[in-house]
Amino acid sequence: MKYLTDEKLVIVGAGGMIGSNMAQTALMLGLTPNICLYDIFEPGVHGVAEEMYHCGFEGANISWTTDPATAFTGAKYIISSGGAPRKDGMTREDLLKGNCQIAAQFGDYIKEYCPDVKHVVVIFNPADVTALTALIHSGLKPEQLTSLAALDSTRLQSNLAKEFGVPQSSVTGAHTYGGHGEQMAVFASQVKVDGKPLSEMGLSAERMAEIKQNTIQGGSAIIKLRGRSSFQSPAYCSVKMIEAAMGGAPFTLPAGTYVNCEQFKNVFMAMPTTIDKSGVHFVQPKGTEEELAALQASYEHLCKMRQEIIDLGIVPPVSEWKSLNPNL
């Protein structure tokens, strides 16, 4: 089997459902034979490793460990789902304190054991602030670390595809920006269905509002249907992100990225991005006044969450970030 690279990929939280799906997806897509599965829960990560061995992937060199030094040393790529999952009735923000503490330790491990890592994807919630926390603690450059935000866009795309009875790939330009959560900004003005602008599809404002709400509540709907948080879709999308960073096809769905520009200061948020072998790059989104106002509101919500982790002492005040990460 031909692999994209032979460099070490570490999957953090590999004993969980997302982590185990990431391991299988990465091997099925042929990203790298050298995959290290890391989790603090020994039976879980051991069991996932045994399952991967039983798959019999050609040329695979799968290892597993509960020791962070063993896992992170020599890592060139990392995907982390190593936080607590969301349960029914919880928002992503409910996970803030505990998961940001985990993200801080995760960033510290990167700085200590693999400062030359090439790209890191953070997917545990609330992803915007866990990724920001990890970036501050890791010392990495902003283009080297991204968070999963694409699910919001694929949920919008799928809702529109179901509405019009077309294949999901026929819906283009369906993107959400800002925070990955209930405060996301849904951008529908650029959507086309089979090449036809959404504005010409006869969709009422009331129905579009329902579709937006269904998109925002997409993760909660999965929890209600399956009794647990999403795991297949975040696993697949995050592996596609790291594949792009490894030199595969560029990832062009919105990703969470560090933004510090004239309008948005020192936050992690979903933007129009491209991930490729050189890292993540973003441009300013284009939209209606209403969409841009929603993005501004989402940004302000992210600023409030950022202040929460500062007040908790998980990260220092913005003016002191350079003491932990000179690249910010």
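The following legends describe close-up views of a predicted model.

**View 1. Helix α6 and its surroundings.**
The helix α6 (150-164) has 15 residues and spans 21 Å from its first C-alpha to its last, close to the 21 Å expected at 1.5 Å a residue. Because 12 of the 15 residues are buried, α6 is largely enclosed by the rest of the structure. The buried residues include Ala150, Leu151, Asp152, Ser153 and Thr154, and Arg155, Asn159, Leu160 and Ala161 also belong to this group. Their cover includes the strands β7 (171-172), β8 (175-177) and β9 (185-187), together with the helices α7 (205-216), α8 and α9. Just after α6, glycine 165 adopts a positive phi of about 65 degrees.

**View 2. The second largest pocket.**
This pocket holds about 430 Å³ of space. Its lining consists of 19 residues, and Leu151, Thr154, Ser233, Tyr236 and Cys237 are those nearest the centre. At least two lining residues come from each of α6 (150-164), α8 (218-226) and α9 (232-245). The greatest contribution is that of α9, which supplies six residues. By type, the lining comprises nine nonpolar, six polar and four charged residues. Two of the residues nearest the centre, Leu151 and Thr154, are among the buried residues of α6.

**View 3. The nonpolar cores.**
In soluble globular proteins, nonpolar side chains tend to be buried together. The largest nonpolar core in this model contains 50 residues. Within this core, the residues with the most contacts are Phe72, Ile78, Phe106, Ile110, Val120, Leu145 and Met269.

**View 4. The contacts of isoleucine 110.**
Isoleucine 110 is one of the residues with the most contacts inside the largest nonpolar core. When neighbours within four places in sequence are left aside, isoleucine 110 is in contact with Phe72, Ile78, Pro115, Val117, Val120, Ser138 and Leu140. Of these partners, Phe72, Ile78 and Val120 are likewise listed with the most contacts inside that core.

**View 5. Lysine 286 in its loop.**
Lysine 286 is located in the loop that runs between β15 (279-282) and α10 (289-311). Its relative accessibility is 67%, so lysine 286 counts as exposed. Not counting residues up to four places away in sequence, lysine 286 touches Phe187 and Gln190. Proline 272 is 14 residues from lysine 286 in sequence, and the two are 9.1 Å apart in space, C-alpha to C-alpha.

Notes
Residues numbered from 1 in each chain as written. Predicted model: local features only at pLDDT ≥ 70, side-chain atom pairs only at ≥ 80, totals over all residues. Heavy atoms only, no water. 1 Å grid on protein atoms, 1.4 Å probe; cavity = no way out; pocket = protein on both sides within 12 Å on 5 of 7 lines; lining within 4 Å. Points joined across faces, edges and corners; volume = space filled by probe spheres on them. Helix = DSSP H or I, 4+ residues; strand = E, 2+ residues; numbered from the N terminus. Nonpolar A, V, L, I, M, F, W, Y, C, P; charged D, E, K, R; others polar. Core = buried A, V, L, I, M, F, W, Y, C linked by side-chain atoms within 4.5 Å. Buried < 20%, exposed > 50% of the residue type's maximum accessible area, 1.4 Å probe, protein only. Contact = heavy atoms within 4.5 Å. Expected span 1.5 Å × (residues − 1).
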